[in-house]
Amino acid sequence: MEQKNKIRKAAKKAADILYPVRCPLCGQIPWGKDPHGRTCDRCAAGLVYTGENYCMKCGRPISSEREEYCRDCLRRRHSFDRCRAVFSYQGAVRISLYRFKYANKREYASYYSEEIWRYLGEWITGLGVDVILPVPIHPKRRRQRGYNQAEVLARALSSLSGLPADMKSLARVRNTVPQKQLTAAERASNLKGAFRVSGKNLKGMRVLLVDDIYTTGATADAAAKTLKESGVKAVYVVCVAIGG
Ligand SMILES: [Zn+2]
Ligand SMILES: [Zn+2]
């Protein structure tokens with residue numbers, strides 16, 4: 001047994017040399033005392049968490065303690081119930097999330113899901129969520145990229161939380177123009193009819209939608225609207241990062 005452990009440890013050491021654990025934010029090999037400390041010290045120092053003062057609807061950080069909602073949520077009704085995010089979408093997180101989505105860095109999901117669970121696990125537990133759903137992308141886009149980053153996140157969060165994940169019931173049925181090229185109003189109409197719920201698995205459920213980035217909330221709203229129209233009781237959203 002001891003011999004086995006020794007062999008396992010030696011193999012792990014060799015693997016670390018061949019495939020060193022890289023910082024999920026800058027991609028560098030973090031030199032330091034703890035090679036498994038996830039982010040390098042420099043990136044860790046630059047992380048901006050959403051903090052204590054955030055919008056009660058979308059989770060965006062707000063400057064005043066006295067305000068309950070951000071300017072955006074005071075103006076616009078959302079279809080989802082509540083949203084929370086871990087980081088403010090800036091600096092190293094912004095660059096890292098780009099790689100996570102487009103540069104095949106799906107291994108970053110373990111870091112991001114652990115941060116979601118560490119930072120928001122208590123909130124998620126308190127919601128009484130029945131099932132985790134990734135925000136789906138169109139099958140055509142999924143084929144191009146090879147994966148859906150939200151799905152990778154949802155799977156990792158499911159194993160951390162013990163909550164089941166449903167990858168099938170919510171689908172993207174329209175391949176839309178990338179949202180970042182559009183204004184807020186255009187984003188909403190761009191997403192009309194973009195999602196579809198199949199089967200009856202989600203009826204009466206409280207779902208947690210998982211995505212990487214929240215900007216205007218148009219995607220979360222469109223998905224939540226479709227979910228609620230098909231009988232979902234509550235839609236909560238959790239994202240890695242939220243725009244300012
Ligand atoms: Zn780093
Ligand atoms: Zn808000």
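UniProt positions are given in the numbering used here, feature names are shortened, and annotations may be inferred rather than shown by experiment. With that in mind, an unreviewed UniProt entry places the feature "domain: Phosphoribosyltransferase" at residues 150-240. The structure is a predicted model, in which local features need pLDDT of at least 70, side-chain atom pairs count only at pLDDT 80 or more, and totals for chains, interfaces and linings use all residues. Residues are numbered from 1 along each chain as its sequence is written, while chains are lettered from A and ligands numbered from 1 in the order in which they are written.

The protein chain has nine helices and six strands, where helices (H or I, at least four residues) and strands (E, at least two) are DSSP runs, numbered from the N terminus. Over residues 150-240 the chain is 34% helix and 24% strand, with the end C-alpha atoms 10 Å apart. Of the 244 residues in the protein chain, 35% are buried, a residue being buried if 20 or more other C-beta atoms, placed from the backbone, lie within 10 Å of its own.

An α-helix has 3.6 residues a turn, so residues three or four places apart point the same way. Just after helix 4, Asn104 takes a positive phi of about 60°.

Note on methods
A residue is buried if 20 or more other C-beta atoms lie within 10 Å of its own, exposed if 12 or fewer, and partly exposed in between; C-beta atoms are placed from the backbone.
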